[in-house]
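Colleague: I would like to learn how to read packing and backbone features in a model. Please take me through them one at a time.

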Amino acid sequence: MLTLWRHKRMIVALVVLAAAAAVAFLLTAERRYTSAALVQVDFSRDDQGGGASRQQPLASLDVGALIETEARLVRSRAIVRQVAQRLASEHPKSADGRAGTASEPDERSILALMRDVTVRNDSRSYLIEIGFTANDPQRAARIANLFVEVYLKNRSEASFTASRRASEWYAAQINETRTALETAETAASEYRSTHNIVDTSSEGGVLLQQQMREVSSQIIAAGLARLNEEARLERATRAAAQGLVPPDVAALPQIQRLAESREVARRQAAELSASVGERHPQAERARLLVEETEQRLRDEVAKAVAAIAVDVSNARRVEGELDAAVRKARLALIEAKAREAELRTLQGKAESLRNRLRTLTENQVQAQALADLKPVAAQVMVPAEPIMTPSGPKKSLVLGFAIIAAAALGAGIAFLLERRDTGFRTEDEVLREIDCPCVGLVPASSGTFDSFDIVARREAMRAIAASTGLTSSQAGAKTVLVTSALPGEGKSMLVDSLALSLMEMGRSVLIIDASPCRELDCEVRPALEDMVVDPVTRHRFLEKGAGEPIPVLQRRNADLSNSLPMTKGEWIAPLSVIQRRTGLSEGGAIFARAAFGDFVREACGTYDVVIIEAPPVTLVADALILAPFADIVLQAVRWNATPKALVAETLKRLRDASVRVQGIVLTGVDFDKYQSYQGFFRALPAKKSRQYYATFD
C-alpha cells in the first residue's frame, strides 16, 4: 500500500489517460446492433414401423452435448460460406462491402461473417439462439434469419441424404443376406440328405439312449450270470477233485440214481463180507459192482462239470457280445449327436440369416419412408427482428475495463520500480540491510540556496558532527576519513559542508584531499606530495595555515562556495585545504611512506579536525591504506541511487582490511520522498519545518 501511495500521481495519471482514451473511443466508435432468432431442435421422430405410430427418442443421453453439436454446426465454416454466397448473390458486393462473386465469396467476407455471428445454446433446453451483429439493425436481423434458413436447409438435406444412404445400404445388405441365407439352407439340406437325418428333435436321441440303457442292463445281467457259472464250475471242480459229488450237480437224476446204486452196492458188499468173508466170490463180485458204480458216478460227475464249463463259456460269449453291442451303440449315439449338432448349427445359421433379412427389410421400408417424407429436425420458434437499441460498444464495460487496466498497469509499474535495487531510502533500512548505522542525512541541493535549504543542510552537518564526536573540544584532535563506493556519491560536498560547519563552530579544520589529480599540477604552491617529502615545506604550511581564518586554496573537485555559505563571525576557526598533484600511479609512493603518518600527526597537533577525503574503495586501494591513520571512517552513499549490493561489498572490503566504519552518510536526500517511504503522510511536514527555520534563524 505504501508503494501504491508513493506512486499515486503516476497511477492517477495513467487512469485519467485511460479514461480519456476510453471516452474518445466511445465517442468515435461505430454503433453496433444485434438481432437474434431462436431455433428449437427436435431429437425425436415418428416411427411408422409395425403399423403403429409411436415416439422413439433418437438421443436419450447427454442432451447438452447434442445441442452443443448443433450449435457448432451453425458456427461451422460451411454454413457461413453458404450465407456469404447467398449475400453475394443478392448484391454485387459481398457481405462486408468488398468485391465478391455469387458462387465463391472472398475469404475476408467469410471471416467477417464468422466474427459477427454468435450462437448460444442452453444444455437444459432444446433451444439455440442465433444472433448477428452489424452496423444496421435491419441488416443484422436479415442475416440472422438467413443463418437460420441455411441451417434448417442443411439439416433437412442432411436428414434426406442420411435416409437415402441408409436405404441404399439396407438394400445392399439385404442382397448379401439373401444370398447367404440360400447358401446356408442348401448346406443344411445337403447335410441332412448325406447323413440320412430325418429328425433333429430330442426324440431320436431319447430312443438311442433307451436302447443303450437296455443293452447296458443286459450286459450287467450277463456279467452276473457269468460270475455264477464260474462259481459253479469252481465248486464242481473242487468237489470232483476230492471225489465228492458237487452240490450243483447232485440234483441231477442220473447222479442221484448212481449215488443210490453205489450206496446199495456198498451195503451188499459189506453184508456179504461179514457173512461169507471177503474172499468169497460173491463178496468180490459185490466189491467189483461197487467200483463199477463209483466209476460210472465219477464219469457222470465229469460230464456234469464239463456241462458247467460249457455254460461258463456261453456266459462269457454272451457277455462279450453284449459289451460289443454297448460300444457300438455308444459310438452310434455319439456320431448321431455330432451330426444332429452340426445340422442344428447349419439350421441356426440359416435361421439367424432369415431373422436378419426380416429386420433389414423392415428397416429399409422405414428408411425409404423417411427419405420420401424429408423430415426436418429443427424449427424456428422466434425469428430475428430489428432492434434499434445499440448492443455495442458497451460504455460502462469499456470505461471500467480501461480504468481497471490502467490502475493495474500503474500498480505493476510501481511495484517494478520499487523492486529495483535503487539504493537505501531510510536510516532503518541501512542498519537492517548492512548492519551499519546511518549517522546522518544530507539534503539534496536545490541550486537556489534559499534560507530553508541552507539551514536544513547546516543542521544536518551539525548533527553528523555531533553524532561522530567532532564537536567535543575535550577529546583532542580527531582524524576523519570520508570515502565512498563509487565516484559521484557526494563525498566532496559532504567533506566541504562538514568542514565549513565545524569551522563555524570554532573548530579548526584541515582537509587532505587524497583524490588523484586528473592532470599534473605544475603550480608553485605546495601540494600533498610536498608535505610528505619535504618536512620544511610541511612545517611552513602548517604554521601558515593555522593562522589564516579564511582558506586561500580552492579545491579542484569541489568549490567550497557551493557547499555552504560562509557566515561571518569572530568565532570562525581557520580552515586549510591540501590536495594531491599526481595521479593514481603515485598513490602508493605517497601514502605508504612513514612521512605521511608524521604529516597527519603534526596536522592533528595544529588543527582540531583533520578530514581525509579518500578515493572510491571499489576503484582505488588508497582508502584501505589511509584508513589506519583515521579515528573515524565514514562512507558517503547516494540516497536512493547507489546499489545496496555495492555498498555491502564496499563495507566487506573495508572490514576485511580491519577497518571499522563508524557509519553511513546518505547524501542527496529528497526529504519529501524520504518521508513517503516511512508512511502514507510525511512525519515532519515541510510547511512546519520552513516555518520553524524562518522564525528562529
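Modeller: Start with a helix pair. Helix α12 (residues 451–467) packs against helix α13 (residues 491–504) at an angle of about 85°, and their axes are 9 Å apart. This is a predicted model: local features need pLDDT of at least 70, side-chain atom pairs count only at pLDDT 80 or more, and totals for chains, interfaces and linings use all residues. Residues are numbered from 1 along each chain as its sequence is written, and side-chain values use heavy atoms, leaving out hydrogens and water.

Colleague: How are two packed helices described?

Modeller: By the angle between their axes and the distance between the axes. Axes are lines fitted to C-alpha atoms, for helices over the stretch in contact, and angles run from 0 to 180 degrees between N-to-C directions. Helices (H or I, at least four residues) and strands (E, at least two) are DSSP runs, numbered from the N terminus. Angles under 35 degrees count as roughly parallel, over 145 as roughly antiparallel, 65 to 115 as roughly perpendicular and the rest as oblique. So α12 and α13 are roughly perpendicular to each other.

Colleague: Which residues of α12 and α13 make the contact?

Modeller: Contact means heavy atoms within 4.5 Å. From α12 come R457, R458, M461, R462, I464 and A465. From α13 come M493, L494, S497, L498, S501, L502 and E504.

Colleague: And the core: how many residues has the largest nonpolar core?

Modeller: A nonpolar core is a set of buried Ala, Val, Leu, Ile, Met, Phe, Trp, Tyr and Cys residues joined through side-chain atoms within 4.5 Å. Buried means under 20% relative accessible area, exposed over 50%, partly exposed in between (1.4 Å probe, protein chains only). Here the largest has 43 residues, and L510, I512 and L666 have the most contacts inside it. Helix α17 (residues 594–606) gives the most to this core, with 4 residues. A second, separate core has 31 residues, including I79, I110, F147 and V148.

Colleague: Now the backbone. Which peptide bond is cis?

Modeller: The one from G392 to P393, with omega near -5°. P393 is in the loop between β6 (378–382) and α10 (395–419).

Colleague: What about phi at N640?

Modeller: N640 is not a glycine, yet its phi is positive, about 60°. N640 lies in the loop between β12 (632–638) and α19 (644–656). Its relative accessible area is 23%, so N640 is partly exposed.

Colleague: Is S658 buried or exposed?

Modeller: S658 counts as exposed, at 71% relative accessibility. S658 sits in the loop between α19 and β13 (663–669).
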